[in-house]
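Here is a short report for a reader meeting this structure for the first time.

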Amino acid sequence: MPFDPKSLGMAPEDIVAILAAAAALVSVLAVWVGLIARDPMALRARGLLARRDELRAGFLAAPRRQHRRELGLGLMRKVVARLNLMRSNQVDRVTQRLAQAGWRRRDALTVYLFMKAVLPIVLGAVALFLIYGLKILGSASPMLNLFFALAAVLAGAYAPEIFVQNQIRRRRQQIRLGLPDGLDLMVICAEAGLSLDAMLERVARELSLSWPELAEEIGLTAVELGFLPERKQAMENLSARIEMTEVRALTNTFAQTERYGSPLSQSLRVLAKELRTERLTRAEEKAARLPAILTVPMITFILPALFIVLIGPAILKVIDGLGGL
């Protein structure tokens with residue numbers, strides 16, 4: 001049924017006028033909202049209130065997460081204490097390796113020993129359930145099933161060591177990349193007249209954002225220089241935590257300047273030059289090995305395709321010619 005304006009007691013001209021007035025009002029409101037000056041302080045205040053609510057929620061949730069973490073660590077400590085794993089002869093070596101990976105808390109040793117003891121059992125049980133319970137290998141031979149079960153146990157036994165070794169390698173790589181910047185900053189600080197302790201503290205503070213691994217090691221060395229009875233022990237600890245030729249050369253330079261009183265800035269400048277030369281030599285060695293390394297992929301992937309492109313048309317012509325006889 002079509003709409004009749006007369007049913008509302010209004011003429012069509014009145015309805016058109018009302019719609020035009022409404023459109024004009026909406027246009028004025030849109031222009032007013034677009035041109036009105038917004039108060040930035042009110043927006044900032046609302047943002048600060050929202051941030052305060054988020055921080056409050058985080059603080060309320062933090063004790064619960066801390067409680068769950070303490071429960072897990074407590075269980076690990078009980079298992080490690082029950083198995084007397086802390087009394088093994090390899091605790092000192094494992095502690096040193098964890099320190100090289102950047103984990104220096106005592107809980108890190110507890111977690112490592114717990115994983116070392118429990119992970120083979122867990123992975124072995126999972127493998128037995130999958131092989132003999134779900135029969136994922138089907139009708140495989142008993143020797144093959146036993147091989148996969150033993151492989152799972154060995155994987156659980158060596159997984160913590162492999163994880164720690166990868167972390168050590170990654171950390172050393174980051175320290176090696178950040179060492180040139182650290183040496184340059186040390187040279188600048190030494191030329192400015194700073195002492196060894198102040199120089200290490202300043203370099204650690206400057207490198208905390210760009211190279212946090214190197215900054216952590218340098219900062220720890222600066223702290224050890226302040227409270228250890230022998231300053232030489234702090235240098236030896238730094239060399240033992242990182243175990244790199246570059247860091248060992250740096251600690252030897254510090255020890256020589258402490259012992260003989262040679263200028264620290266000059267010694268660091270000579271060391272930086274030697275390390276740059278060593279890095280250039282290492283890069284040249286990698287470039288020289290590149291042709292030999294690329295030989296196997298080239299023979300495997302490139303030469304077969306090249307032979308097909310060059311000899312393929314001739315072979316096809318020969319086959320066509322022999323087919324016509």
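## Helix 4

Several residues of helix 4 are buried: Asp-107, Ala-108, Leu-109, Thr-110, Tyr-112, Leu-113, Phe-114, Pro-120, Gly-124, Ala-127 and Ile-131. The model is a predicted one. Helix 4 counts 28 residues. From first C-alpha to last, helix 4 reaches 39 Å, close to the 40 Å expected at 1.5 Å a residue.

Where does helix 4 have a kink? The kink lies at Val-118, shortly before the proline Pro-120, and comes to about 35°. Just after the helix, Lys-135 takes a positive phi of about 55°.

## Arg-104 and its partners

The model has 18 salt bridges. One of them joins the side chains of Arg-104 and Glu-216, at 2.6 Å from N to O. Arg-104 sits in the loop between helix 3 (91-100) and helix 4 (106-133), while Glu-216 belongs to helix 7 (residues 212-227), so this pair ties together parts that are 112 residues apart in sequence.

Arg-104 also forms a salt bridge with Glu-217, where the closest N and O atoms are 2.3 Å apart. Glu-217 is in helix 7 and Arg-104 in the loop between helix 3 and helix 4, so here the parts tied together are 113 residues apart in sequence.

Are these residues buried or exposed? Arg-104 is partly exposed, with a relative accessible area of 33%. Glu-216 is partly exposed too, at 36% relative accessibility. Glu-217 is buried: its relative accessibility is 1%, and the cut-off for buried is under 20%.

## A pair within helix 10

Arg-282 and Glu-278 form a salt bridge, with the closest N and O atoms 3.3 Å apart. An α-helix has 3.6 residues a turn, so residues three or four places apart point the same way.

Arg-282 has a relative accessible area of 26%, and Glu-278 has one of 32%.

Take Glu-224, which is found in helix 7. Glu-224 is buried, at 10% relative accessibility. A polar contact of 3.4 Å joins its side chain to that of Arg-241. Leaving aside neighbours within four places in sequence, Glu-224 is in contact with Ala-234, Asn-237 and Arg-241.

## Nonpolar cores

The largest nonpolar core holds 32 residues. Within it, Leu-183, Met-186, Met-199, Leu-200, Phe-254 and Leu-268 touch the most other members. At least two residues of this core come from each of helix 5 (142-191), helix 6 (196-206), helix 7, helix 8 (231-242), helix 9 (245-260) and helix 10. Helix 5 gives the largest share, 7 residues.

Leu-183 touches Leu-250, Leu-268, Leu-271, Ala-272 and Leu-275, not counting residues up to four places away in sequence. Another core, of 14 residues, lies apart from the largest one. Its members include Leu-73, Met-76, Tyr-112 and Val-164. Tyr-112 is also one of the buried residues of helix 4.

How values were computed. Residues are numbered from 1 along each chain as its sequence is written. This is a predicted model: local features need pLDDT of at least 70, side-chain atom pairs count only at pLDDT 80 or more; totals for chains, interfaces and linings use all residues. Side-chain values use heavy atoms; hydrogens and water are left out. A salt bridge is a side-chain nitrogen of Lys or Arg within 4 Å of a carboxyl oxygen of Asp or Glu. Helices (H or I, at least four residues) and strands (E, at least two) are DSSP runs, numbered from the N terminus. Buried means under 20% relative accessible area, exposed over 50%, partly exposed in between (1.4 Å probe, protein chains only). A nonpolar core is a set of buried Ala, Val, Leu, Ile, Met, Phe, Trp, Tyr and Cys residues joined through side-chain atoms within 4.5 Å. Contact means heavy atoms within 4.5 Å. The expected span of a helix is 1.5 Å times one less than its number of residues. The bend at a residue is the angle between axes fitted to the seven residues ending there and the seven starting there. A polar contact is a pair of N or O atoms within 3.5 Å; within protein, one must be able to donate a hydrogen and the other to accept it, and residues adjacent in sequence count only if both atoms are side-chain atoms.
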